[in-house]
Amino acid sequence: MDKQGKQHSFLRTIILISTFGGLLFGYDTGVINGALPYMSRADQLNLNSFTQGLVTSALLFGAAFGAVFGGRFSDYNGRRKTILYLAVLFFVSTIGCALSPNAIIMVIFRFLLGLAVGGASVTVPTYLAEMSPAESRGKMVTQNELMIVTGQLLAFTFNAVIGNVLGEHPHVWRYMLPIAAIPALFLFFGMLKVPESPRWLVSKGKKEDALQVLQKIREKKQANSELQEIENAYVQESKMDKATFKDLTVPWVRRVVFLGIGIAVVQQITGVNSIMYYGTKILQDAGFQTEAALIGNIGNGIVSVVATFVGIWLLGKVGRRPMLITGLAGTTVTLLLIAIFSITLEGSEILPYIVLVLTITFLAFQQGAISPVTWLMLSEIFPLRLRGLGMGVTVFCLWGVNFLVGLTFPVLLDSIGLSSTFFVFVVLGIGAITFVAKCLPETKGLTLEQLEQSFRSYSGGSSKVLNNNKTIG
């Protein structure tokens with residue numbers, strides 16, 4: 001293999017190893033779907049609808065804080081070292097969850113697991129972006145999104161196999177949870193063999209170390225050129241004052257942060273995570289036996305992976321706003337149909353199959369349109385000086401709303417039933433469509449500098465949006 005081939009091979013190795021963080025993110029958020037019915041039994045953790053929500057959402061509460069502090073921790077200690085620490089936290093908290101003797105201990109370890117998930121959700125994409133050549137950055141960073149949905153698919157698959165083989169065993173859920181310890185070990189030992197981000201090294205004055213890293217993953221001429229670009233960018237950034245909460249007094253800054261929070265909330269109030277976390281419970285309520293519901297969830301996982309591929313492809317072809325509105329219309333109509341059929345076909349043999357088809361359809365719209373647009377637009381709308389503040393606030397809000405959905409969904413399901421619960425999400429979906437149509441700008445075809453200028457020149461009127469040629473105003 002020639003030198004260039006070795007560089008490309010090493011870069012592929014870096015992508016594979018670091019995205020195990022995304023795989024763990026996906027597995028740990030998906031595994032609760034199948035484990036929850038078993039751990040809720042009276043002879044196990046004896047969970048009611050509220051404590052089910054607490055066990056599920058403790059991870060999401062932890063992730064909100066992990067996302068906020070994970071970025072700052074990686075700025076101080078380095079991306080690679082932070083991911084190593086996260087791998088240890090993934091391993092310890094996974095084993096802790098599997099061995100939990102009661103609900104309180106489970107909630108504590110799920111919270112710690114959430115810190116790892118949240119930290120991975122910001123640190124792994126940052127590491128990937130900083131290791132990537134400019135021409136393939138989008139492709140490399142989206143590998144993490146694919147690994148997240150792949151992790152969820154693996155969780156659904158292992159849940160189905162273990163549930164159907166060992167379903168009568170009282171501690172079956174304890175075999176589902178610790179599987180995540182295996183990729184945590186791969187992540188830890190793999191990260192020992194890959195280098196630190198050259199951009200972080202430059203920020204710490206380690207120019208020679210940064211050049212050595214670049215020469216392992218770039219051609220010599222490109223490595224020298226990129227090092228110069230990194231140094232120039234760092235000098236420019238160091239001259240900037242970092243944004244603080246005082247900047248929210250500026251109208252255009254407040255508007256950008258408001259839009260970021262809106263995008264984050266819109267992604268969560270579709271109800272996607274009610275299906276990702278409670279899909280087994282939904283299918284049980286529709287009429288499936290637990291073992292059959294576990295198998296049905298594999299369909300949800302497969303569609304999520306395929307739809308993510310489609311969504312990444314569509315991003316280069318279709319505008320952000322029409323793609324998001326189409327996705328929201330699809331998810332809202334699908335939930336409306338679930339609610340209607342749950343009333344009209346209650347008790348019938350065909351209902352569980354209809355609900356399964358509709359949840360799969362829902363995820364096709366969600367993962368194929370809404371989720372890819374969400375993360376892309378969040379990365380586009382914040383100017384450089386605002387990026388740290390903006391992403392910190394919006395990702396915290398995203399995980400916060402995720403936590404509220406995870407906590408309240410089983411309580412709603414238990415108190416008002418499947419159909420009424422989904423009617424609530426339909427109303428929220430209509431609100432989300434209205435927000436996107438009236439408030440969200442189109443960002444496709446505009447440079448980040450043009451977007452910033454457009455927000456700066458905005459003078460009012462929430463219904464005015466950007467197009468590819470004009471600014472707001």
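This is a predicted model: local features need pLDDT of at least 70, side-chain atom pairs count only at pLDDT 80 or more; totals for chains, interfaces and linings use all residues.
Colleague: Okay, what volume does the largest cavity have?
Modeller: About 40 Å³. That volume is the space filled by probe spheres set on the grid points, which are joined across faces, edges and corners.

Colleague: And which residues line the largest cavity?
Modeller: D28, V31, T94, C97, R110, L113 and L177; lining residues have an atom within 4 Å of a point. Helix 5 (79–99) and helix 6 (103–131) each give two or more residues to that lining. By type, the lining has four nonpolar, one polar and two charged residues.

Colleague: Switching topic, how many helices and strands are there?
Modeller: There are 19 helices and zero strands in the chain. Helices (H or I, at least four residues) and strands (E, at least two) are DSSP runs, numbered from the N terminus.

Colleague: What about the nonpolar core, how many residues are in the largest one?
Modeller: It has 133 residues, and M39, L177, W399 and F422 have the most contacts inside it. A nonpolar core means buried Ala, Val, Leu, Ile, Met, Phe, Trp, Tyr and Cys residues joined through side-chain atoms within 4.5 Å. Helix 18 (residues 387–439) gives the most to this core, with 18 residues.

Colleague: Which residues does F422 touch?
Modeller: Leaving out residues up to four places away in sequence, F422 touches S274, I282, L335, I338, A339 and F409. Contact means heavy atoms within 4.5 Å.

Colleague: Now T374: buried or exposed?
Modeller: T374 counts as buried because its relative accessibility is 1%. The cut-offs are under 20% relative accessible area for buried, over 50% for exposed, and partly exposed in between (1.4 Å probe, protein chains only). T374 lies in helix 17 (residues 351–381), and beyond residues up to four places away in sequence, T374 touches I263 and Q267.

Colleague: What share of the whole chain counts as buried?
Modeller: 53% of its 473 residues.

Conventions. Residues are numbered from 1 along each chain as its sequence is written. Side-chain values use heavy atoms; hydrogens and water are left out. On a 1 Å grid over the protein atoms alone, a cavity is a set of points where a 1.4 Å probe fits but cannot get out, and a pocket is an open set with protein on both sides within 12 Å along at least five of seven lines; lining residues have an atom within 4 Å of a point. Ala, Val, Leu, Ile, Met, Phe, Trp, Tyr, Cys and Pro count as nonpolar, Asp, Glu, Lys and Arg as charged, and the others, Gly among them, as polar.
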